[in-house]
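Let us walk through this structure step by step. We begin with the chain as a whole and then turn to its helices.

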Amino acid sequence: MVTMAQNADEGKKLQARLSVELDPRKKMSLYLDMLNAIGDFDSTGTEKNAAAAYQLADKLKDKKSKTEVYRQHALMYMSFNDVPKAMPLFNKALELAIANNEKIMVGDIYNNISNAYGQVHNTKLSDEFMLKALKEYQMENSEADVAMVYANMGSNYSRRGEYTKAIDYLLKSLAIRERLHNDKGVGSVAFNITLPYKFLKRYDEAIKYNQLAIEKLTLVKNEGMLASAYAVKGSIFRSLKKYDEALLYINKALPLFEKYKNMAGIRNSYDNIGLLYSEKKDFNNALKYFLMSKQVSVNLNDPQGIVSADVNIVQSALDLGDLPKAGSTLNEAEPLAKKYAFKEDLAELLKLRHSYAIAMNDRAGAERSLQSYLALKDSLSNSDINKQISELQTRYETEKKDNQIALLNNEKHINLLQLKNQNLALAQKQSQLAQKDQYLQINQLEINNQRQANDQKAQSIKTLQKQSRIRELELSNRDLQLKQRNILITAFCVLLAAGAVLAYAYYNRYKVKQEARLQAAIHKQQEIETRSLFEGEQKERIRIARDLHDSIGQMLSVVKMNLSNAPQSESTGATLNLVDNTITEVRNISHNLIPEELNFGLFAALEDMCDKINSSNTTQVTINVPDELREHQFEKTNELSIYRIVQEVLSNMVKHARASHIEVEATPHGDGFNLMIKDNGKGFDTSQINKSKGLGWKNIAARVNMLDGKMEVRSELLTGTQIEIIIPKA
């Protein structure tokens with residue numbers, strides 16, 4: 001929390017920079033910083049700088065900055081509790097932000113408008129604009145802003161006594177901020193979670209989240225909020241009758257509240273000190289601090305603080321026997337609590353009204369207040385609320401553990417990838433070193449060959465010199481020509497042989513490539529023919545089924561109707577039975593061609609298939625399909641193919657595997673999904689699938705290939721079978 005003095009110092013520095021800055025755009029940025037710094041306490045300075053900022057924004061045609069000027073100007077009026085003047089400025093800012101398509105800014109303005117309506121206690125509009133802000137932030141995937149809205153909604157519900165909703169939103173906010181490692185945000189929302197748990201007297205959870213808040217706020221050195229966390233912890237210890245610990249934390253909080261001029265915190269400390277005096281039966285000092293607390297709330301124009309202080313004042317007045325004081329305070333507090341729907345405080349006031357009526361010998365008044373108290377208290381029963389909150393807490397802890405496990409798995413995967421990269425780099429270096437060694441060896445061999453060649457040449461020269469001395473020049477020349485011709489012939493033969501080898505190798509390579517291309521073309525053509533065959537078969541099945549249903553089925557119905565209207569006789573009855581059987585057979589044929597259940601969706605048809613198997617009481621089939629997959633729209637031909645695949649697999653498991661239990665599970669996978677079917681049957685040798693002479697496995701494989709899918713079958717004798725099918729697009 002930044003003090004007013006710190007903001008004032010910042011404002012002076014910004015004013016000095018503004019006076020010397022010549023760049024218009026930098027000056028615009030300084031105006032925005034100035035409005036943000038002084039808006040909470042300096043209305044005159046804000047008006048002056050806002051007017052200059054409007055002019056500069058118009059000159060620069062900077063609509064984005066003008067939007068922010070309107071917003072900061074409005075926030076200044078909110079700081080001075082003048083919501084009527086703030087709202088038109090918020091509306092202008094909102095109009096500009098929408099026109100400029102600034103989604104995050106639109107969310108910020110909706111959030112500000114929500115706070116403005118909350119300031120004038122219009123909870124309906126406050127919630128409405130808060131939800132609008134949430135929608136904008138979610139559309140922009142701004143997790144930090146979503147967490148902020150969840151925290152604000154949780155705090156609003158907490159102030160209204162709707163603790164289940166409050167804790168739900170606060171835990172959502174906490175999960176996001178922990179994932180973003182936002183220590184300040186975690187500390188803030190953990191502090192807000194403490195409050196509903198405290199009101200519900202679930203002190204263990206309250207202390208847990210309060211301690212988390214203290215740790216995070218200490219880490220980020222946020223003394224303002226840390227003071228509030230200390231104060232609440234003192235209040236919790238007071239409720240647990242640990243008065244020494246309570247006084248310790250209240251004494252930690254009060255100096256910080258006074259340092260930052262936090263009047264609400266000072267009031268809270270007065271309340272807690274008063275309650276401690278009440279526990280010690282020192283009711284005069286207790287009443288003194290409660291009256292001081294009420295005066296702070298009056299100065300802050302805080303209705304809830306006033307009512308809360310009145311509850312304590314009435315109790316102290318009753319303890320002191322000051323009935324006039326108790327009665328006048330009750331008459332002041334009850335209407336205020338009803339007006340702002342402070343249900344918890346109203347329940348306490350009705351209970352105190354009952355005690356006051358008894359002290360005044362007003363039996364009728366005592367009975368009325370008791371009945372009103374009991375009716376209101378029933379509506380505030382904590383049992384269901386605590387149950388719901390426990391479920392929310394469990395869900396939050398589970399999600400948190402799942403996120404931690406996922407994070408550890410990601411880190412493990414990253415470490416494995418890094419290790420693989422290191423091994424790959426090492427292998428590359430070793431390969432490079434080996435290549436260098438080979439180059440060196442080749443160079444050395446070439447040098448040795450060159451030396452040998454040189455030696456041979458030198459020796460030949462010496463030999464020729466000797467021969468030239470011994471033989472005559474003609475014989476020497478003839479011998480030399482003969483040698484040269486022999487060398488040429490040999491070289492030509494070698495080159496011819498090498499050319500033949502290379503030509504043969506090239507021909508074989510070309511032949512292999514051509515055969516591979518031919519095989520690929522044949523395979524592709526077979527796949528196209530298979531796909532066309534299946535698609536044609538399915539379309540023909542659909543056409544025949546519709547013709548049977550729409551044409552022959554209707555004609556048979558007309559025949560049955562005409563026979564029913566004809567004079568009844570024994571032959572007529574037999575004919576009617578034959579027509580009924582024929583209609584039933586037509587329906588069965590139509591259903592076999594294309595199941596009627598597919599009209600209600602693929603997964604509804606699969607569930608119906610499982611129900612029919614379950615009705616036999618010999619095999620139980622369970623199917624699990626997530627909601628997001630149920631909403632997926634499949635092509636009709638693909639639906640029928642998937643249906644036939646599952647039908648054939650289940651039929652094999654029931655007939656051949658003798659399974660007593662089968663599980664079917666579908667999970668999303670990109671644009672398609674994964675289908676896993678497993679049983680507890682006798683299993684089989686999967687190597688025999690390709691050798692199978694039946695059409696079952698061949699039809700399944702063909703339909704999976706037609707869908708561009710993949711199928712994996714895992715099975716062992718006596719341990720059951722698991723089939724996993726991946727459909728990439730459906």
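Of the contacts in the chain between residues at least 6 apart in sequence, 59% join residues at least 24 apart. Contact here means heavy atoms within 4.5 Å. The model is predicted: local features need pLDDT of at least 70, side-chain atom pairs count only at pLDDT 80 or more, and totals for chains, interfaces and linings use all residues. Residues are numbered from 1 along each chain as its sequence is written, and side-chain values use heavy atoms, with hydrogens and water left out.

The chain has 730 residues, and 39% of them are buried (under 20% relative accessible area, with a 1.4 Å probe and protein chains only). Its secondary structure comes to 26 helices and five strands. These are DSSP runs, numbered from the N terminus: helices are H or I with at least four residues, strands are E with at least two.

Now to helix packing. Two packed helices are described by the angle between their axes and the distance between the axes. Axes are lines fitted to C-alpha atoms, for helices over the stretch in contact, and angles run from 0 to 180 degrees between N-to-C directions.

Take helix α16 (residues 303-320) and α18. They pack at an angle of about 25°, with their axes 10 Å apart. That makes α16 roughly parallel to α18 (angles under 35 degrees count as roughly parallel, over 145 as roughly antiparallel). Residues of α16 in the contact include V307, V311 and L318; α18 brings, among others, L349, L352 and Y356. By class, this contact of α16 with α18 has seven nonpolar, four polar and two charged residues. Ala, Val, Leu, Ile, Met, Phe, Trp, Tyr, Cys and Pro count as nonpolar, Asp, Glu, Lys and Arg as charged, and the others, Gly among them, as polar.

How do α17 and α18 cross? The axes of α17 (residues 323-339) and α18 (residues 343-359) come within 10 Å and cross at roughly 150°. The two helices are therefore roughly antiparallel to each other. Their contact includes L323, A326 and L330 of α17, and L346, R353 and A359 of α18. It has ten nonpolar, two polar and three charged residues.

Residues 147-180 are 88% helix and 0% strand, with end C-alpha atoms 10 Å apart. The entry also lists residues 487-507 as "transmembrane region". That span is 100% helix, and its end C-alpha atoms are 30 Å apart.

Note on methods: UniProt positions renumbered as here; feature names shortened; annotations may be inferred. Parallel < 35°, antiparallel > 145°, perpendicular 65-115°, else oblique. Buried < 20%, exposed > 50% of the residue type's maximum accessible area, 1.4 Å probe, protein only.
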